[in-house]
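Have the sequence and the model side by side while reading.

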Amino acid sequence: MTTDVFLADCRARLAFDLLSNTWNAVVLWALRDGPRRPGDLREQIGGISSKVLTETLRRLQSNGLVARRAHPGAPPRVEYQLTSLGETLLAPIEALGAWGFEHGDEVMAAQEAACRQGLSRP
């Protein structure tokens, strides 16, 4: 495995890909305090639909970052929690969030300036 982030088989690109989806990091962060039911997650995370939350949880589960636990009973109850591997992403997510709080105003000012100049906003 290479360490050149510009090559497709670099493990660093795997990490960048995992964090590039907005909802991945948000859902992982929401699970940092322990197991949560999907409805509780939706309430905590503003702006996420049930469908997108389900897709995100499945994606995180398939990457070994989240575990799904079904509880018997009627109605059936499901909880999701971070795996030990998922917990290892909390520090990088926290660092990115801290960067956002520190530099968010600068980024938004640059975006506004680009809009005024007629440049497209990403």
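The protein has a mean pLDDT of 91, and 91% of its residues reach 70 or more; pLDDT is the predictor's confidence in each residue, on a scale from 0 to 100. This is a predicted model, in which local features need pLDDT of at least 70 and side-chain atom pairs count only at pLDDT 80 or more, while totals for chains, interfaces and linings use all residues. Residues are numbered from 1 along each chain as its sequence is written, and side-chain values use heavy atoms, with hydrogens and water left out. Confidence is lowest in helix α1 (residues 11-20), where the mean is 87, and highest in helix α5 (residues 84-87), where it is 98. Helices (H or I, at least four residues) and strands (E, at least two) are DSSP runs, numbered from the N terminus. Where pLDDT is low, the predicted coordinates should not be read in detail.

Two packed helices are described by the angle between their axes and the distance between the axes. The axes are lines fitted to C-alpha atoms, for helices over the stretch in contact, and the angles run from 0 to 180 degrees between N-to-C directions. Helix α2 (residues 22-30) packs with helix α4 (residues 50-62): their axes come within 10 Å and cross at roughly 80°. The two helices are therefore roughly perpendicular (angles under 35 degrees count as roughly parallel, over 145 as roughly antiparallel, 65 to 115 as roughly perpendicular and the rest as oblique). On the α2 side, the contact (heavy atoms within 4.5 Å) is made by W23, N24, V27 and L28, and on the α4 side by V52, L53, T56, L57, R59 and L60. By class, these residues are seven nonpolar, two polar and one charged (Ala, Val, Leu, Ile, Met, Phe, Trp, Tyr, Cys and Pro count as nonpolar, Asp, Glu, Lys and Arg as charged, and the others, Gly among them, as polar).

T56 of α4 has a relative accessible area of 0% and is therefore buried (buried means under 20%, exposed over 50%, partly exposed in between, with a 1.4 Å probe and protein chains only). Apart from neighbours within four places in sequence, T56 is in contact with W23, N24 and V27.

Helix α2 also packs with helix α6 (residues 90-116), at an angle of about 115° and with the axes 10 Å apart. This angle makes α2 roughly perpendicular to α6. Here A25, L28 and W29 of α2 meet L90, I93 and E94 of α6. The contact comprises five nonpolar residues, no polar ones and one charged.

Which residues does W29 contact, leaving aside its neighbours within four places in sequence? They are L90, I93 and E94. W29 and I93 are 64 residues apart in sequence, but their C-alpha atoms are 7.4 Å apart in space. W29 counts as partly exposed because its relative accessibility is 28%.

Two loops remain. R37 sits in the loop between α2 and α3 (38-44) and, at 37% relative accessibility, is partly exposed. Not counting residues up to four places away in sequence, R37 touches R77, V78 and E79. In the loop between β1 (66-71) and β2 (77-82) lies P75, which is joined to A74 by a cis peptide bond with omega of about -5°.
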